[in-house]
Amino acid sequence: MTKHQQRVKAVFHFFDNKDLVLGFRKLLDCAMDTQNMTIYKTAIELTDWKENNPEKSDELIEKCKSFLVEIEKIEVKEYPTEISVLQSKNIQKSYGRNRFSLGPVSLEIKKGQVYGLVGENGNGKTTLLRILAKEISHNQGDLNYKFDETPKDEFELRTKLVYIPQRTEKWYGSLKDNLKFVLSSYGVEPEENEIRTLMMIARLGLWNYKHLKWNELSSGYKMRFELARTLLRQPEILLLDEPLANLDVLAQQVILEDLKAIANSVNNPIALILSSQQLYEVEKISDKVIFLKNGKYQDNETKSETENPNLIVEIDTDNSREDLLQIFQPFALEKLNFNGGIFVAYFSPETEFSAVLSALGNSKIQVTYIRNISNSTRRFFVE
Amino acid sequence: MQKINQINQYLLERFPNIWNTRIVWMLLLGIAVHLIFFFIGFVSHASPSMLQHSGAVNDYLTSGLIFVHIIISVLMIVGWLVYMFKNNAFKSFYPSSGRKLFFEFLQYFIIVFVSTTFYFSYMSGFKLFINYKYDDKKMAKNIDIINRANAFLSQEIELYTLEQRKYPKEFSDFYCETSINKIDKNGKYFVYHDRVYQFFSTYKKVVTERNRDGEYIYPEQEKINGIGLAYYEDSRDGKTRTYYFKKAVVDLSSLIKSTAPSYYNFSDVLYDIKNNHSNNISKYRYENGIENDENLDEFKKQKVFVNQKTAQLLDSKNPKALQELLQSFLDISREFDIRNNLNAQDWAAMINHPDKFEVKNFIKKYQQKTGVEYDPNKAPDGHYDYEIANVDSTAVGLDNQLNENGEIVKDTVNVRDFNPNLDREVSPADYFKKNLSNYYYYTTDLKTFLENVDTIKSNDFFSEMIHFFIWLAFGLSAFIFSFRITNIRSLLFSIVSAGVIVLAVTLFCVASAFVFNMTSKFFIFYTMLIVGVIILLLPFITLKRFPKLFSSIFMLISINAFPIFIWLILVTINEHQTADCYIKNINSDNEYRNCVGFLDEYGYTLSYLILMVSFLFLYLYTSFIKKWKALPE
């Protein structure tokens, strides 16, 4: 069974469980992978039908399922994801004398991987992304790209490095025309232009917004349109600066899932690096989370030698420090920090998180939030 | 609307570049506006009265239409930019090539050119209308009638005096002396009040040599023998002068019926495009490099012709033929909308005084207002008309007051010696006033009208203005292109830098002139050339070494000022050529004056060359622009 067929099968399960929202998005992902214009057309028609008949969910499920059968029949070539699209070695950048300096940063990303870039404001996230996108220069280190087709010149390389800044520029004119302009600029066949554009609009959930003007869109949809424009360029690497800013929690989750799904495409995977403040959400979908503090690089895969492999637990409670110390007395508690509203408890490495949980449960104190952040970059924030 | 959308989608899917520049719509709109201007040009002078003010060929500039043109051009270009700036593939790093970029620039050029050249359409319409309404064949016929009938307009007494006579042949062959100092009292002479006329046969001497001051030498023999000079003529090529000397007095009394002003004497040519002396025509001909007085002999022949036709008509003693001529003239006048209160019958009666056909009645040049005295030198609109009726402006008039040594001769002879009855006779001026009828005819308007028609027909408005428009289009499109490939910051910095560079070069040249006494124009030229070369090289040198903004400043200056740089090279070469020529011909006065370089020689034609070179430069430069664009900040 090919990867494509496996994915189609998974989508069947969503529809079996009547999970229409996620199922339909996954269906479109599978459809998109086919790169087949007939499938695309059907997907567009189906999206249109779905939006016009929101109450007919059973009928939609039937339609989707029969469409899935069609999709499954199409052979989708799997793209090899072993080669790193981007390799950076000891990249350093410093601004002026004795001022901010970034790096050294070394990283490597393959297509289909998602990297999260986290850190507090002013720690160089945007700078790093812009360096990787060749928007700004770096002082030291090597930066290498490996694309399917080697760019002829620097300009062509820039056409392949797609970077979306946090504040995207305003679009003028019809949104659809803007999207079509991208495709025709990239030399897509005229007959495919409209179909591919509508397919992308459907996939990013913009079907009902495609006739609006830029000013009439909320910032979340603006980001989605920007994403649509970017994805139409069929990038091999995508660099997103704070795509989650200005989005509500639900929207954040949806867009992250979408990004993950798009990056994981069977035949057109994308190496994706995104920066965000939403640590928890980003960690959930990322293959690697990079933490930047004062321009210095750390990630959640490699623990530094100086760092202890402690069990680190974050607890939010109204009880006092003394109460907590009392509860944790049987454990080898190394330290208990209180930063504003949250306690961070550092236990010895052999301590079990479940034991901590049962101790808290037995003590019957009010806990509003608890999280094991031993492997999360969250631990760097609370240090 | 549906169709427009369809075309837009078609272009968007296939030719994103053309869709973005909106060239299709701009061209369609431009052509529509051009058609409107063509139509305006065609109908603007439908009424002949519109052609009765001088310089109607420039009405576009003077009638305010130019402002309409400017406003439409500005609106079109601004509107276009608003639409075009909505998308920018190059700035968004969509795939591009040098050719694509150049093609985009070319589209800007075409759009700006089409949106700013309505003048051409207006003039084409205008010219077409004039050519159609007043075609050459018809106008030649009309002018013939006008010139013949003009003899009977009797608006100026001086045109009817004896020295004007050119027919029969004797009158044009012999020289008529009118200066009383030079009258040979032993020969036959004619007197009219205070004027004396004497006819001389002449012989000529051609001189080619000049003295040190560059003036023609005066024939030595005639100077010694004291032979009177009749007049002289300079050849058109400026190489020879022909002196005409008086030989002997000729008695033409058998041919002269009266010495008083007579229609027989009239030889003035009211209208002759080739030899027109009016300021407008002369100016126009000068500006277009056409020689004035193209054919003096031809003009003389015309005078003879007018005189001959007039004399023949009078001799035929056929009042009906005269009246017919006058009627045709009045018909033409009506067609051309020339103000007058003449009718052929009364007019013919005013003329018909056989056998001498002396001028007994005069016609006014304009309608006299009550209480205001009539002044023949005053044009109808109240301005003085200094253009005193076609005096044959060869050297004839002036020379009579000069003796062979070039000194002015004062009257030493009393006119009363010739005419003892002088005090009892009516002077010509009084005679004119006394016999002034109430008829009027606006001859000036007719002349202006004819001049305008011919000027417009022969006006090459295209060659005159094309260079202005192509460089306007090039400048504007280069500026827009600069903005499209960089950003407002680079553009503003480049403008400021260009200003600073110009200032610095000027100061440097001025300072060099004062401090080191480097006043040679070549020093200035080469300073500018060196600065130009440095500016052209700087973007290449600074790329990757200096901030991106720095390279962009000089890149933009290079793009926008390249034509000036080429022009500067041409000027420098030209100056070298002329300087070289001056040195070679320092001793030869004539050659020295004729030193010209190839820039002087080819003039505006080189503008096309510079344009082509500039286009080529931009085409090649696009690869550098791409390189610059790809650079990280």
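**View 1. The largest nonpolar core of the predicted model**. This core holds 117 residues. Those with the most contacts inside it are A31(A), L117(A), A228(A), L239(A), L272(A) and I273(A). Helix α21 of chain B, residues 548-584, contributes nine residues, the most given to this core. In soluble globular proteins, nonpolar side chains tend to be buried together.

**View 2. The surroundings of A31(A)**. A31(A) is one of the residues with the most contacts inside the largest nonpolar core. Leaving aside residues up to four places away in sequence, A31(A) touches I39(A), Y40(A), A43(A) and I71(A).

**View 3. The contact between chain A and chain B**. Chain A gives 23 residues to the contact, and chain B gives 17 residues. On the side of chain A that touches chain B, α6 (154-160), α7 (175-185) and α8 (190-203) of chain A each supply at least two residues. The largest share of that side, seven residues, belongs to α7(A). By type, the residues of the side of chain A that touches chain B comprise eight nonpolar, seven polar and eight charged.

**View 4. Helices and strands of chain B**. Chain B contains 24 helices and seven strands. It has 633 residues, of which 30% count as buried. Among contacts in chain B with a separation of 6 or more, 78% are between residues 24 or more positions apart.

Notes:
Residues are numbered from 1 along each chain as its sequence is written. Chains are lettered from A and ligands numbered from 1 in the order in which they are written. This is a predicted model: local features need pLDDT of at least 70, side-chain atom pairs count only at pLDDT 80 or more; totals for chains, interfaces and linings use all residues. Two residues are in contact if their C-beta atoms, placed from the backbone, lie within 7 Å. Helices (H or I, at least four residues) and strands (E, at least two) are DSSP runs, numbered from the N terminus. Ala, Val, Leu, Ile, Met, Phe, Trp, Tyr, Cys and Pro count as nonpolar, Asp, Glu, Lys and Arg as charged, and the others, Gly among them, as polar. A nonpolar core is a set of buried Ala, Val, Leu, Ile, Met, Phe, Trp, Tyr and Cys residues joined through C-beta atoms within 7 Å. A residue is buried if 20 or more other C-beta atoms lie within 10 Å of its own, exposed if 12 or fewer, and partly exposed in between; C-beta atoms are placed from the backbone.
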